[in-house]
Amino acid sequence: MRYDSLFSTTARTRIRLIATPRRYLLLAAALLSTGLLFWLARSPDQYPGLSRPSNDSQMRLSSNNDSPPTSAALGVARKLYMLTLPARNDRRIRMERLRKALGLQWTYVDGLQSTNELTQKIWEWVLRVRNEEPVTLSDDDPSYGHPPPGRVRFSWPDRIDQLALSSTPIDFWSDTVWSTPATVFNPTPYRPTGCAMDNYRILDFSAELPEHLILTRARIACWYSHLSVIHSIANNREKDLDSAYVILEDDIDMEKDAAERLKIIWTSLPRDWDMVFLGHCWADEKKNPPLPIMSLDSASSGFYEGPTSFHSNASHRINRLHPSNQPKCTHAYAVSKRGARRLLIYLRYPPFAYSRAIDQAISRLIEIGKITSYTVVPSLVIQTKEDHSDISPGTGGGWPERLADGVLTGKPLRDSE
């Protein structure tokens with residue numbers, strides 16, 4: 001071929017490329033955009049061996065570097081997360097009122113719907129873990145000391161501290177002899193199932209079993225939603241293991257001066273903490289003596305026990321940090337990054353995973369010393385109980401605690417209350 005012919009061919013090709021119809025350029029741009037969207041849509045709940053939940057359970061989380069604590073994050077946390085269900089727009093409206101009134105910033109997280117196929121798979125997976133070998137024995141089982149063939153003692157995962165204090169990524173599902181829910185195909189219809197107690201004592205279902213001890217799909221969805229946020233915190237890029245993150249649910253109210261109160265009592269929080277309950281229910285959290293309060297102004301000179309300006313409201317109540325007893329409810333709690341990593345290791349571990357309501361599980365971990373936790377008493381955050389619960393019948397119970405001067409609920413308490 002002559003060079004001038006080759007040049008002409010090349011030139012004609014370039015001319016044709018330049019003259020490509022606009023619709024082809026638009027098509028190429030659309031394909032590029034679609035690929036970019038698929039890449040961006042990869043979320044923390046995409047784990048090896050597990051199909052992605054449907055859109056209504058996807059979370060909008062960021063695992064990038066977090067900013068230092070600000071008043072927009074209650075003065076002590078690097079980030080706030082608000083768990084909500086897409087269908088509960090009524091709650092979203094109230095939470096926006098609360099957020100704007102307090103000048104807070106939080107990330108809304110779409111929780112897993114109880115009707116999602118994944119909750120059915122996890123329930124079926126729980127049954128398989130309970131019924132198939134290896135079957136674990138709780139420490140109060142008569143044969144615990146001499147387990148029969150095919151059975152194993154209940155034991156917690158190894159290397160907890162080593163993994164929690166490292167920078168090694170922690171997967172959502174535990175890599176053990178038990179497979180993940182991704183292996184569950186054509187699950188059987190849900191039937192009422194008893195929760196586990198203690199470490200792994202399974203309750204047989206009966207009509208007399210209290211509702212809060214029944215393992216429902218709603219409780220499975222709640223566990224998954226909280227664990228997804230905890231997983232994101234545990235694997236973010238923050239190197240400070242004491243950095244704090246707050247997880248909230250969408251049926252709450254707060255004290256108007258919650259951030260100011262938290263900043264004061266936070267100075268008494270020991271290092272190596274895992275959790276702090278900003279609100280609790282169904283437990284005597286005054287059982288353990290409170291920690292001394294260190295004044296922000298005199299943090300370098302010692303402990304401070306007297307009143308400060310923020311105690312001048314109608315209630316004269318002083319919030320204190322108590323070592324946790326058996327706190328229930330997960331409507332408002334803080335975790336350190338180290339605590340998130342510890343919680344993830346325990347809460348993902350078969351057969352403890354999804355064995356009961358998540359607040360019962362966390363309470364158990366606190367009771368046996370696996371998680372170091374503190375509780376704010378009186379609560380700075382309460383459940384409003386204004387509408388039906390997505391977990392339990394009715395409004396979710398009658399825990400009576402009130403706020404001194406909440407944003408959304410009631411009038412200030414009298415001095416005697």
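**Tyrosine 200**

Where does tyrosine 200 lie? In this predicted model, tyrosine 200 sits in the loop that runs between β5 (196-197) and β6 (201-202). Its relative accessibility is 6%, and tyrosine 200 therefore counts as buried, the cut-off for that term being under 20%. Although tyrosine 200 and phenylalanine 154 are 46 residues apart in sequence, their C-alpha atoms are 7.3 Å apart in space.

**The pairing of α6 and α8**

Helix α6 (residues 217-234) and helix α8 (residues 337-347) have axes that come within 8 Å and cross at roughly 135 degrees, and the two helices are therefore oblique to each other. The crossing of α6 and α8 is left-handed.

On the α6 side, the contact is made by Trp223, Leu227, Ile230, His231, Ile233 and Ala234, which meet Lys337, Ala340, Arg341, Leu343, Leu344 and Leu347 of α8.

**Nonpolar cores**

The largest nonpolar core holds 56 residues, and the members that touch the most other members are Ile122, Leu343, Leu347 and Tyr354. Helix α6 gives the most to this core, contributing ten residues. Leaving aside residues up to four places away in sequence, leucine 347 touches Trp223, Leu227 and Ile230, together with Phe352, Ala353, Ile358, Ala361, Ile362 and Leu365. Trp223, Leu227 and Ile230 also belong to the α6 side of the contact with α8.

Methods. Residues numbered from 1 in each chain as written. Predicted model: local features only at pLDDT ≥ 70, side-chain atom pairs only at ≥ 80, totals over all residues. Heavy atoms only, no water. Axes fitted to C-alpha atoms, helices over the stretch in contact; angles between N-to-C directions. Helix = DSSP H or I, 4+ residues; strand = E, 2+ residues; numbered from the N terminus. Parallel < 35°, antiparallel > 145°, perpendicular 65-115°, else oblique. Left-handed = near helix turned anticlockwise from the far one by under 90°. Contact = heavy atoms within 4.5 Å. Buried < 20%, exposed > 50% of the residue type's maximum accessible area, 1.4 Å probe, protein only. Core = buried A, V, L, I, M, F, W, Y, C linked by side-chain atoms within 4.5 Å.
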